[in-house]
Amino acid sequence: MAATPAREWTGLQQFPVATQTALHNILGTLRQQNKESLTVLVVGKGGVGKSSTVNSIVGERVTIVSAFQSETLRPLQCARSRAGFTLNIIDTPGLVEGGCINDQALDIIKRFLLSKTIDVVLYVDRLDGYRVDNLDRQVIRGLARSFGPNFWRLAVIVLTHAQFSPSDGVNYTEFVEKRSAALQAAIRQEAGLKKDEKEVPYALVENSGRCNTNDGGEKILPNGTVWLPALVERIVEVATGTTDSVFVDKKLIDGPNANEWGKWWIPVLAVAQYFLVVMPIRKAIEKDLAEEKNQRPQWEIRAEEFRRNTSLYDDDQVDEQAISQALEQDDGLSGQLSSFVDEDDDDDEF
């Protein structure tokens with residue numbers, strides 16, 4: 001698939017001046033490390049605000065969001081360029097359908113990403129969710145299985161609807177910590193991350209036009225954080241970290257060749273089968289035969305020996321008869337030869 005041509009990132013000019021300055025400084029970190037482009041993959045369940053988050057980052061309405069269609073039906077890549085730097089951000093369909101993970105959507109995403117490099121993953125969910133259920137774990141596990149172990153090491157948890165006010169007088173900061181910690185624990189467990197690895201970072205997002213603002217017109221959260229520069233800063237931290245980007249090739253899409261992998265186990269399994277299956281069965285049979293022989297009554301054993309000896313005696317009798325017949329035949333032949341010799345002698349005399 002051909003690369004999406006980059007357009008000028010005019011959306012940056014729509015942000016308040018303070019936000020523009022903060023973004024330029026943060027993205028300048030990438031330029032200092034000779035990174036001229038960045039590819040961000042946005043994934044998650046449907047209806048959690050993936051497309052709205054893409055629009056907020058770019059500063060333009062690049063994906064359609066409405067009450068009747070809350071998510072894109074296929075992956076959509078947006079490329080924006082500014083001062084020699086290119087941002088590629090990929091919006092994706094929701095990964096859940098009918099109460100379980102949508103394998104077809106996952107396959108569509110993988111094939112769309114063929115020959116692309118993923119630098120950062122935004123895993124989007126809602127802040128106002130109160131628990132991590134089995135469906136969340138299926139999604140986490142499915143993404144890890146599809147893209148490999150480094151996928152979640154490149155991730156940032158993005159919690160939308162962050163202007164949410166917890167009920168029952170729960171402190172906002174405390175609620176955010178508990179909600180993010182629950183997702184971090186699920187990712188560590190389902191993705192198989194090691195205990196000594198750092199937690200997946202998180203960022204808060206409020207895409208609503210009713211989001212509170214500060215005196216400079218920047219969108220802020222209940223804790224006073226200007227959320228857009230904070231989100232981009234998390235993205236840059238992951239992009240400049242020690243984890244290598246994920247390159248999506250055909251092998252990653254198709255998965256490992258089971259035949260190629262399995263053929264090396266054939267001789268091992270054959271040897272194991274002989275020692276673990278064949279030999280124990282053989283020993284068990286020999287043991288059963290020995291026990292059966294020992295448990296047989298003596299009269300039966302003597303009868304069998306008698307039959308065996310009788311059979312040998314009969315065989316000897318047959319052999320003796322055959323020898324006697326052969327000798328008799330030899331005597332007859334000798335007599336005939338003698339008569340022939342006598343007749344020849346008579347003829348000579350005559």
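Q: How much of strand 4 is buried?
A: Keep in mind that this is a predicted model. As a general idea, nonpolar side chains in soluble globular proteins tend to be buried together. Here, strand 4 is mostly covered, with seven of its seven residues buried.

Q: Which way do the residues of strand 4 point?
A: In a regular strand, side chains alternate between the two faces of the sheet. Now trace it here: Phe 85, Leu 87, Ile 89 and Asp 91 point one way, while Thr 86, Asn 88 and Ile 90 point the other way. Residues on both sides are buried.

Q: What about strand 2, how many of its residues are buried?
A: Seven of the eight residues in strand 2 are buried, so call that strand mostly covered too.

Q: How do strand 2 and strand 4 run, parallel or antiparallel?
A: Strands of a sheet pair through backbone hydrogen bonds, and the pairing can be either parallel or antiparallel. Strand 2 and strand 4 (residues 85-91) run parallel and are joined by five bridges. You can check two spots yourself: Ser 37 has Thr 86 as its bridge partner in strand 4, and Val 40 stands opposite Ile 89.

Q: And which sense does strand 2 use with strand 8?
A: Parallel again: strand 2 (residues 37-44) and strand 8 (residues 120-126) pair over five bridges. Val 40 turns up here as well, with Val 120 as its bridge partner in strand 8. Further along, Val 43 stands opposite Tyr 123 of strand 8.

Q: How do strand 3 and strand 4 run?
A: They run antiparallel, and seven bridges join strand 3 (residues 76-82) to strand 4. One of the pairs to look up is Leu 76 with its bridge partner Asp 91 in strand 4. The two strands form a hairpin with two residues between them, and Ala 83 in that turn has a positive phi of about 55°.

Q: Where else do I find a positive phi?
A: Ser 115 has a positive phi of about 70° although it is not a glycine. Look for Ser 115 in the loop between helix 3 (103-112) and strand 7 (117-118). His 161 is not a glycine either, and its positive phi is about 55°. The loop holding His 161 runs between strand 9 (155-160) and helix 5 (172-191).

Q: Are those two residues buried or exposed?
A: Exposed means over 50% relative accessible area, and buried means under 20%. Ser 115 has 53%, so Ser 115 is exposed. His 161 has 30%, so His 161 counts as partly exposed.

Q: Which residues touch the most others in the largest nonpolar core?
A: That core has 75 residues, and the ones touching the most other members are Leu 38, Leu 113, Val 120, Leu 122, Leu 127, Leu 143 and Trp 152. Helix 6 gives the most to this core, with eight residues. Take Leu 113 as a case: not counting residues up to four places away in sequence, Leu 113 touches Leu 41, Ile 90, Ile 118, Phe 147 and Val 248.

Q: At what angle do helix 1 and helix 6 pack?
A: Compare the directions of the two axes. Helix 1 (residues 17-32) and helix 6 (residues 227-239) pack at about 0°, with their axes 10 Å apart. Angles under 35 degrees count as roughly parallel, so these two helices are roughly parallel to each other. Among the residues making the contact are Leu 23 and Ile 26 of helix 1 and Val 232 and Val 236 of helix 6. The residues of this contact divide into 10 nonpolar, two polar and one charged.

Key
Residues are numbered from 1 along each chain as its sequence is written. This is a predicted model: local features need pLDDT of at least 70, side-chain atom pairs count only at pLDDT 80 or more; totals for chains, interfaces and linings use all residues. Side-chain values use heavy atoms; hydrogens and water are left out. Axes are lines fitted to C-alpha atoms, for helices over the stretch in contact, and angles run from 0 to 180 degrees between N-to-C directions. Helices (H or I, at least four residues) and strands (E, at least two) are DSSP runs, numbered from the N terminus. Angles under 35 degrees count as roughly parallel, over 145 as roughly antiparallel, 65 to 115 as roughly perpendicular and the rest as oblique. Contact means heavy atoms within 4.5 Å. Ala, Val, Leu, Ile, Met, Phe, Trp, Tyr, Cys and Pro count as nonpolar, Asp, Glu, Lys and Arg as charged, and the others, Gly among them, as polar. Two strands pair if DSSP finds at least two bridges between them. A nonpolar core is a set of buried Ala, Val, Leu, Ile, Met, Phe, Trp, Tyr and Cys residues joined through side-chain atoms within 4.5 Å. Buried means under 20% relative accessible area, exposed over 50%, partly exposed in between (1.4 Å probe, protein chains only).
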